[in-house]
Amino acid sequence: MAPLGKAELIQSSLQLYRYLLRCCKQLPEESIRQHYRHAIRQSFRVHADEDDPERIQQIIRRAIEDAHWVMNK
């Protein structure tokens, strides 16, 4: 299952959040979708106070890589 396109255009945490939730919609089972939606929300709560732009970009890159890995399993 391929992830959504245009991941390279993601520059903000809100764009990333929306992208990841759209990726969840492509997962085959509802229980799996619920698990990853919960994980996405928890991760955003944990990183909500991050203010270093370089660290934010690092988090975005890693989240996209992880999403691609999940979608290709």
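L21 lies in helix α1, where helices (H or I, at least four residues) and strands (E, at least two) are DSSP runs numbered from the N terminus. The structure is a predicted model, in which local features need pLDDT of at least 70 and side-chain atom pairs count only at pLDDT 80 or more, while totals for chains, interfaces and linings use all residues. Residues are numbered from 1 along each chain as its sequence is written, and side-chain values use heavy atoms, with hydrogens and water left out. With neighbours within four places in sequence set aside, L21 is in contact with R37 and I40; contact means heavy atoms within 4.5 Å. The C-alpha atoms of L21 and H38 are separated by 9.9 Å, and these residues are 17 residues apart along the chain.

R22 is also placed in helix α1. R22 has a relative accessible area of 41% and is therefore partly exposed; buried means under 20% relative accessible area, exposed over 50%, and partly exposed in between (1.4 Å probe, protein chains only). Between the C-alpha atoms of R22 and R37, which are 15 residues apart along the chain, the separation is 9.7 Å.

The axes of α1 and helix α2 (residues 30-46) come within 9 Å and cross at roughly 170°. Axes are lines fitted to C-alpha atoms, for helices over the stretch in contact, and angles run from 0 to 180 degrees between N-to-C directions. The crossing angle makes α1 roughly antiparallel to α2; angles under 35 degrees count as roughly parallel, over 145 as roughly antiparallel, 65 to 115 as roughly perpendicular and the rest as oblique. On the α1 side, S13, L16, Y17, L20, L21 and C24 meet R33, Y36, R37, I40, R41 and F44 in α2. By class, this contact of α1 with α2 has 8 nonpolar, 1 polar and 3 charged residues. Ala, Val, Leu, Ile, Met, Phe, Trp, Tyr, Cys and Pro count as nonpolar, Asp, Glu, Lys and Arg as charged, and the others, Gly among them, as polar.

α1 and α3 pack at an angle of about 5°, and their axes are 11 Å apart. This angle makes α1 roughly parallel to α3. The residues of α1 that meet α3 are S13, L16, Y19, L20 and C23, and their partners in α3 are I60, A63, I64, A67, H68 and M71. The contact of α1 with α3 comprises 9 nonpolar, 2 polar and no charged residues.

Within helix α3, A63 has a relative accessible area of 18% and so is buried. A63 is in contact with L16 and L20 when neighbours within four places in sequence are left aside. The C-alpha atoms of A63 and L20, 43 residues apart along the chain, are separated by 8.3 Å. R62 likewise has its place in helix α3, but R62 counts as exposed because its relative accessibility is 51%.

In soluble globular proteins, nonpolar side chains tend to be buried together. Not counting residues up to four places away in sequence, L16 touches I10, F44, I60, A63 and I64.

An unreviewed UniProt entry places the feature "domain: Complex 1 LYR protein" at residues 13-67. UniProt positions are given in the numbering used here, feature names are shortened, and annotations may be inferred rather than shown by experiment. The span 13-67 is 80% helix and 0% strand, and its end C-alpha atoms lie 14 Å apart.
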